[in-house]
Amino acid sequence: MKLLLLGGALLFFGGLFAPRHRTAQTFMFLISGSAYGNLAPCGCTKPMSGGIKRRVSALRTLAGNGKRVLVLDNGGLVAGMARQDEIKAETLAESLKSVGVTAINLTKTEIALGPAMVEAMQRLSGEAFTSASFTEPNAPFKISGPFLIAGISESQGDAGAHLIGTNEAVNSAVTTAKQLSKHTILLLDGSLSAARDLARKHPEIYLIVYKSGGAAPSEPGTEGKTWLVTPGEKAKQLLQISGTEAAPLKYAVIKLGPEVKDDPTAGRAYDRYLDRIVREKLFERIPRGTTVAYVGSKACANCHMSAFEKWEQTAHSHALKTLESEKHDRDPDCVACHVVGMDSLSGFMSRSKTPDLADVGCESCHGPGADHSSDPAKYKFPNLGEKVCTTCHNPDTSPGFDFASHWAKVIHN
């Protein structure tokens, strides 16, 4: 009887401590990137998409659902190397830190800003930048749960100092992931074809985020078991992917339209960005050349009253007010398409100094008018066409712009 009781007890307690089947954990990936300096929606056509305030708002909302979340950004914060690009990069890094970004791809566009700026971005982002492609600066792999995340910059020929080959960089990431028993995620500054090639060579890679123009595809690409995804261009959308350690499972594209409310924290960072532009007088530092003098639209009214009155009825006649209401009236990115002759020493300087050159005036399209005003017969203006309009009304600022319908609103004799 004692033996039977002892055996029953062992069976009971053995059942308590026996290994149980572990439920596969679910993870969520929130993926954005390729802002290329587009911190805010910009343009005349509504609705516009994107902007750091909407992106952070969506990331914060989606990341707050209690699941294990990895927030990934595929880099490409800015497109240039001017002072304004540096301020943009710092603003983006700070804003992404506010939503607990896991990893940001350190790409050639960030490297081009110089070591001091890379160090500043690392600090502001919470040390989130990663790259296996550069020997300097050091931007180590990021580990989150069962995943190793590595930034990769596709190398093509002589791609610059400290950049190592794509295959070598990926081999380093995959090998390290195996040693640590982690799954590899690549943030690739490269094309879909490059992503496919890497997935074929390394079928164990869990996920590759690549770069592309246009909108994010409605479905993920695949190569074997590896998912290949892109958030598209200019951070107008982000991706929401859920899965387990074994594989990604669900995919959704989140559009960052006006239905997404602005995030207050990102809003404050953005306001500081605008304040820095004004404080550092970036508008005043715009390079200007010597041209024929501008005279202002009122001077044109002396001979072209009907055309002037038609102009007064258009949105062009109060274009600068649009920027003033958004605090962008000293933003070098924006002002040129809202005033007359910003690139000229005789062009717009400020509303107080050059009030007749505020807004989109006659000379915005026809060119500086001093010669024509003094001798109309000798200095004739050329006929205008679509090319003049699309200087400002391009796919970035006026998506879906239709020249014929808009021309009908402003045409005059």
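What is the mean pLDDT of the protein, and what share of its residues reach 70 or more? In this predicted model, the mean pLDDT is 91, and 92% of the residues reach 70 or more. Over residues 1-19, pLDDT stays under 50. For that stretch the model has zero contacts beyond four places in sequence. Where pLDDT is low, the predicted coordinates should not be read in detail.

The overall architecture was examined next. The secondary structure comprises 15 helices and 12 strands. The radius of gyration is 28 Å, whereas a compact globule of 413 residues would have one near 22 Å. The C-alpha trace spans about 120 × 45 × 40 Å along the principal axes. Contacts were then sorted by distance along the chain. Among those with a separation of 6 or more, 65% join residues 24 or more positions apart.

Of the 413 residues, 46% count as buried. The accessible surface amounts to about 21000 Å². Carbon and sulfur atoms contribute 56% of that surface. Charged side chains number 46 positive and 42 negative. The centres of the two sets lie 8 Å apart.

Several residues lie in the loop between α11 and α12. Helix α11 covers residues 319-325, and helix α12 covers residues 362-366. S344 sits in this loop. Its relative accessible area is 0%, so S344 is buried. Beyond its neighbours within four places in sequence, S344 is in contact with R288, G289, T291, Y294 and M349.

K327 belongs to the loop between α11 and α12. K327 is not a glycine, yet its phi is positive, at about 65 degrees. K327 counts as partly exposed because its relative accessibility is 45%, which falls between the 20% and 50% cut-offs. D359 is also placed in the loop between α11 and α12. Its phi is positive too, at about 75 degrees, although D359 is not a glycine. D359 has a relative accessible area of 10% and is therefore buried, the limit being under 20%.

A backbone feature of another kind occurs at P137. The peptide bond from E136 to P137 is cis, with omega near -5 degrees. P137 lies in the loop that runs between β4 (129-130) and β5 (142-144).

A216 was located in the loop between β8 (207-209) and β9 (221-223). With a relative accessible area of 11%, A216 is buried. Residues up to four places away in sequence were set aside in listing its contacts. A216 then touches T230, P231, G232, Q237, L239, Y251 and V253. E233 is 17 residues from A216 in sequence. The C-alpha atoms of A216 and E233 are 7.9 Å apart in space.

Is H372 buried or exposed? H372 is part of helix α13, residues 370-374. Its relative accessibility is 18%, so H372 counts as buried; the cut-off is under 20%. Neighbours within four places in sequence aside, H372 is in contact with H304, Y379, K380 and F381. H372 and V292 are 80 residues apart in sequence. Their C-alpha atoms are 9.9 Å apart in space.

K380, one of the contacts of H372, lies in the loop between α13 and α14 (386-389). K380 is exposed because its relative accessible area is 64%, and the cut-off for exposed is over 50%. K380 and E86 are 294 residues apart in sequence. In space, 43 Å separates their C-alpha atoms.

A404 counts as exposed because its relative accessibility is 53%, with the cut-off at over 50%. A404 and A293 are 111 residues apart along the chain. Their C-alpha atoms are separated by 31 Å.

Methods: Residues numbered from 1 in each chain as written. Heavy atoms only, no water. Helix = DSSP H or I, 4+ residues; strand = E, 2+ residues; numbered from the N terminus. Rg over C-alpha atoms; globule rule 2.2 N^0.38 Å. Buried < 20%, exposed > 50% of the residue type's maximum accessible area, 1.4 Å probe, protein only. Contact = heavy atoms within 4.5 Å. Areas by Shrake-Rupley, 256 points an atom, 1.4 Å probe, with all protein chains shown as cover. Lys, Arg positive; Asp, Glu negative; His and termini not counted. Charge placed at Lys NZ, Arg CZ, Asp CG, Glu CD. pLDDT = per-residue confidence, 0-100.
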